[in-house]
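Student: I'd like to learn how to read a structure like this one. Could we go through it together?
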Protein chains: 4
Amino acid sequence: MIHVTIWNEYRHERHDEAVAKLYPKGIHGCVADFLSKQPDLDIRLAALDDPDQGLPDEVLNNTDVLFWWGHMAHGEVDDALVERIRQRVYAGKMGLIVMHSGHHSKVFRSVVGTTGNLSWGRDTKEIIWNLMPSHPIAAGIPDHFCLDCEELYAEPFYIPQPDALVFASWYDSGNIFRSGCCFLRGAGKIFYFQPGHEFCPSFYNPYVQRILTNAVYWAKPADIGYAIPDGAPHILEDVTNEFNK
Amino acid sequence: MIHVTIWNEYRHERHDEAVAKLYPKGIHGCVADFLSKQPDLDIRLAALDDPDQGLPDEVLNNTDVLFWWGHMAHGEVDDALVERIRQRVYAGKMGLIVMHSGHHSKVFRSVVGTTGNLSWGRDTKEIIWNLMPSHPIAAGIPDHFCLDCEELYAEPFYIPQPDALVFASWYDSGNIFRSGCCFLRGAGKIFYFQPGHEFCPSFYNPYVQRILTNAVYWAKPADIGYAIPDGAPHILEDVTNEFNK
Amino acid sequence: MIHVTIWNEYRHERHDEAVAKLYPKGIHGCVADFLSKQPDLDIRLAALDDPDQGLPDEVLNNTDVLFWWGHMAHGEVDDALVERIRQRVYAGKMGLIVMHSGHHSKVFRSVVGTTGNLSWGRDTKEIIWNLMPSHPIAAGIPDHFCLDCEELYAEPFYIPQPDALVFASWYDSGNIFRSGCCFLRGAGKIFYFQPGHEFCPSFYNPYVQRILTNAVYWAKPADIGYAIPDGAPHILEDVTNEFNK
Amino acid sequence: MIHVTIWNEYRHERHDEAVAKLYPKGIHGCVADFLSKQPDLDIRLAALDDPDQGLPDEVLNNTDVLFWWGHMAHGEVDDALVERIRQRVYAGKMGLIVMHSGHHSKVFRSVVGTTGNLSWGRDTKEIIWNLMPSHPIAAGIPDHFCLDCEELYAEPFYIPQPDALVFASWYDSGNIFRSGCCFLRGAGKIFYFQPGHEFCPSFYNPYVQRILTNAVYWAKPADIGYAIPDGAPHILEDVTNEFNK
């Protein structure tokens, strides 16, 4: 079983009628719906206004892959929670999947080491191009697919060079965007994916669903063959002594 | 079933008594022995002196992952065979695992785009360090392990920056080496691994065996969601027309 | 002085009136015109139909940066010449700048290790986006600029992950393209740049000119602090002995 | 003129006689001594116990390249100062060079996005290998050089994959380390370099001096061709409108 927790700011859906109609269970509920088709995924929901901002120790410490959707309340997320997430990702205990406006979340900026700045504009047509067809996150995805409506996120996107640039997008406004980016940090894996505006039905698109599902299997903790230390251990004996044993 | 073909120059084992004693079935036979513990691997052996240099179309076109060990007869490998391997890897139909002295093979140099030059010396003690514990090829591998005897391969190693540098090695002679390197080329994956000198028992080391086994699963063809074209197709219609459909 | 040689297939300009009118001195002549504004560049022209295909030893061995434009006659370029170029780049003696349809040249495919396959279409509007504003090749370039007419080159572009992805392009047809890519190979540097269709005036665009000029300074041979060996030297003495000296 | 500020914790030199004897002007003073041989560098010193921790706005905002040496007082560095440094690096206004024990500084961890964890041990012999001889930071450096005494810093080093791995080190204890790493973050450049233990004379080594000098020229702000925005600007007009102008 892979333990997945889908964290959602969950404000738009409660305060905006159009968003509520599109995502009646919340964006996290919609993501849970399609992820739960996978028999080996155990899925939990978490929201900003839940106790402990949805991620008390007993939840976070049992999460293998954390999804993150936030937008208007990035500043309300507790710094100590961000630090716990950061440590867990770096230790290789949890993968992180950041969706859409999460590019500006404390979590993404702190874990990846970036401002996440970009330009943004009106809702528009987007075509997502598959630049790394052999990447696990692109499994089963055609060379491109179209979204009739997404929020324009545009280059320059001030991120580190991704360890893998899997998808990039075209918009009819004349813009492009690196829309599917893998980052490796410590022993952890992070995937950023652009679609997911609260006013757009992207989470119902089968390719978006396939990509986010693929991302779970890619980001889940690896089978690491030793205990990763918490800090900077002191070496007391030369490794060369092992040759005599 | 993953179809694995282990290609070996297979000259040392037939002409040098010490090597024959160490690897009585040949290096390829030894690799086959440990790989065959995996129930989902279908394993075939191929050697330079076999008909069609071991890789006629019916073999190569049914190979998902190709292992390559060569040393003294790189120049005898047919250029047309090298080109067929190169095309198959780039098309994402076959992964490639290059062992030890294969760094100088036509196959490695042509597929990766490199001279593969390095410095080399006496047989010596080697410690292999695990730099990317969360990489699939490092699954189950400790932070380091020791080989009492390997051939010294030393930096500078004139390769492109690897897409992932999984292992690097220490030698008691004062040298280091990037000993486990992943390269992505087209839709194909290549793993180079340093151990495997014909006079050393590295292929009996359980960590070496685990790494090469892991590499099969990493390098095998991906589930690519469309037919990768053979050349440069002419686009006849605008992609933007798809929005109206 | 940096010795630059601009190699051009130079067939279109001699056989097609429209191209001849656009580039009366040939594409190489046009590139030479704007490069020659730099006082520290010594510029030479070379063409496929020149003796020794324009690159006899005395030219190639005195070239610090080689520009390459080819299209319809890739197959005529001599394999031995390609190999000489490849060796010179890997040895760090020469940088390589490949323009437009050179993506399919033997030189690009062999040096980088790729098919260079892509999709292509009608001449169209292109917007070039600057993804790495702090890269030396992007010096002085705005966040984007427009070309009213270029040949559509489209993803998927089957190249290795670039060491730096400096520019990417939008086309009004719904396509995108990684249009400015840096590759490191051995001790050499390669820059691929998409604009440069024989029927389009891109080489007169000031930003294209600035980028190609910047690329010369980026790609020129580095100040390497030792003699890079030609092959795989045998190490005769332990490096640890140097501590006693 | 490139404005360089060398920040040093400057505690060991004031409280430990052996360190004071080795670096009578402080480590920062020693670095300043060799950097000041470059006529185009304007050098300033800063220390933790200076007012505003040595980096008031008028200093930081006039710094092109910031050197950072810290060890026992990482926790005392003000979070707001770290954030100002981080923003300035990401905006491309300042390069950052982190030395030795700075791997655990707030500045390094926050800017790069890492724990910077590693293993460490006794002072020992180190050999630094040059993996990217054509990188600007390796200009003039031989394929390797020896330090008779440095503090053992050992893999696994839990950092993101460097954008360029320029140097890696061998220690006689059986360890290795990625000792010279370049990271790109936003429009800024960061170089981490392992040598520099307070009890070792590494800053007097001519190769160490050359590398740190090279790093200044590599890390200095680029000639960026537009004003990088501070946040996420709203796009009000389609870029495609520019074609009509």
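Student: Which residue stands opposite Val65(D) in E4(D)?

Tutor: Gly95(D) does. Before going on: this is a predicted model, where local features need pLDDT of at least 70, side-chain atom pairs count only at pLDDT 80 or more, and totals for chains, interfaces and linings use all residues. Residues are numbered from 1 along each chain as its sequence is written, and chains are lettered from A and ligands numbered from 1 in the order in which they are written.

Student: How many bridges join E3 to E4 in chain D, and do they run parallel or antiparallel?

Tutor: Helices (H or I, at least four residues) and strands (E, at least two) are DSSP runs, numbered from the N terminus. Two strands pair if DSSP finds at least two bridges between them. Here, strand E3 (residues 65-69) and strand E4 (residues 95-99) of chain D run parallel, joined by 4 bridges.

Student: What is the strand order of the sheet in chain D?

Tutor: It's an open sheet of 9 strands with mixed pairing, in the order E2-E1-E3-E4-E9-E8-E7-E5-E6. Strand E2 (41-47) and strand E6 (144-154) of chain D are the edges, each pairing on one side only.

Student: Now a helix. Which residues of H5(C) are buried?

Tutor: A residue is buried if 20 or more other C-beta atoms, placed from the backbone, lie within 10 Å of its own; 12 or fewer makes it exposed, and in between it is partly exposed. In H5(C), the buried ones are Ile85(C), Arg86(C), Arg88(C), Val89(C) and Tyr90(C). Just after H5(C), Gly92(C) has a positive phi of about 80 degrees.

Student: How is chain D related to chain A?

Tutor: Copies are superposed by least squares on the C-alpha atoms of residues with pLDDT of at least 70 in both. A rotation of 180 degrees, with 0.0 Å of shift along its axis, puts chain D on chain A (RMSD 0.0 Å). The two copies are therefore related as by a two-fold rotation axis. In chain D, Gly113(D) comes closest to that axis, its C-alpha at 2.0 Å.

Student: How many residues of chain D are in contact with chain A?

Tutor: Contact means that the C-beta atoms of two residues, placed from the backbone, lie within 7 Å. By that rule, 34 residues of chain D are in contact with 34 residues of chain A. E5(D) gives the largest share of chain D's side, 3 residues.

Student: Why do we say the copies meet through the same surface?

Tutor: Because 100% of the interface residues of chain D are also interface residues in chain A.
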